[in-house]
Amino acid sequence: MNSAVIVAGGSGSRMESSVKKQYIRLNEREILSLSIEAFEKTNAVDEIVVAVPAEDINYVNEYIVDKYEFKKVRCIVSGGDTRQASVLSALTSCNKNTDIVAIHDGARPFVSKYVIEECFKQAESFGGAACAVKVKDTLKSADDELFFSGTSDREKLYMVQTPQAFNYKKILEAHKLAKESGFLATDDTQIAEKFGMKVKIVEGSYLNIKITTKEDLLISQGILNSLNK
């Protein structure tokens with residue numbers, strides 16, 4: 001059995017919007033609804049657990065899950081103060097018979113069916129897999145006085161995205177250990193690596209952007225229009 005965790009706890013502060021970013025509409029569709037739909041439509045997923053702020057649960061249930069008739073959404077859970085806490089809340093709510101779980105940002109609405117399925121496939125083989133794209137620009141390090149101090153080899157550098165898929169029992173245990181030890185991470189591959197898991201790279205897409213700023217909204221509108229042609 002495969003599960004998908006979709007985390008949507010953003011506040012929209014960097015968007016300078018009164019509407020939380022996951023509920024902003026692109027062509028009359030909420031960003032979160034597009035993200036859920038991507039997992040709803042693939043046969044690789046048996047159930048979906050969505051984590052949102054506690055005060056949004058009824059809204060998401062009525063105006064997204066029921067409105068678009070998403071059948072695979074098993075439950076909507078209250079997220080935590082951090083993304084990491086929200087993921088753990090959702091993981092503990094997955095079906096206990098889950099073999100592989102994919103964790104995805106609710107603000108990444110353009111993930112493809114191929115990427116989702118490939119992440120599940122590679123996680124089955126290696127225990128962990130995450131989509132990523134190669135860095136395009138030259139990356140520099142800086143010293144305390146803001147002078148360049150070094151150049152990274154971009155051939156070995158990737159920008160990690162979501163979904164990130166893992167053996168369910170192992171990533172759940174890793175998240176619990178992270179909480180107990182006070183280890184804070186920016187994504188789930190970091191937690192997996194911290195507690196001994198190896199994560200296979202799956203080739204992602206530069207279209208699979210995370211919508212965070214007003215500029216991202218402009219880019220997203222162009223992506224959506226292109227995909228709908």
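Helices (H or I, at least four residues) and strands (E, at least two) are DSSP runs, numbered from the N terminus. The structure here is a predicted model, so local features need pLDDT of at least 70 and side-chain atom pairs count only at pLDDT 80 or more, while totals for chains, interfaces and linings use all residues. Residues are numbered from 1 along each chain as its sequence is written, and side-chain values use heavy atoms, with hydrogens and water left out.

Counted this way, the chain has seven helices and eleven strands. Its C-alpha trace spans about 55 × 40 × 35 Å along the principal axes. Of the 229 residues, 49% count as buried, where buried means under 20% relative accessible area, exposed over 50%, and partly exposed in between (1.4 Å probe, protein chains only).

Now for the inside. A nonpolar core is a set of buried Ala, Val, Leu, Ile, Met, Phe, Trp, Tyr and Cys residues joined through side-chain atoms within 4.5 Å. The largest one holds 31 residues, and Leu-32, Ile-36, Phe-39, Ile-48, Val-52, Val-60 and Val-73 touch the most other members. Several elements supply at least two residues each, including strand E1 (2-7), strand E4 (47-52) and helix H2 (57-66). Helix H4 provides the largest share, five residues. There is also a second, separate core of 23 residues, with Cys-94, Ile-171, Ala-178 and Met-197 among them.

A few spots in the backbone stand out. Most residues other than glycine have a negative phi, and most peptide bonds are trans. Glu-28, though, has a positive phi near 70°; this residue sits in the loop between strand E2 (25-26) and strand E3 (29-30), and it is exposed, with a relative accessible area of 57%. Leu-146 has a positive phi too, near 65°. Its place is the loop between strand E8 (140-142) and strand E9 (148-151), and at 74% relative accessibility Leu-146 is exposed. As for the peptide bonds, the one joining Thr-162 and Pro-163 is cis, with omega about 15°, and Pro-163 is found in strand E10 (residues 158-167).
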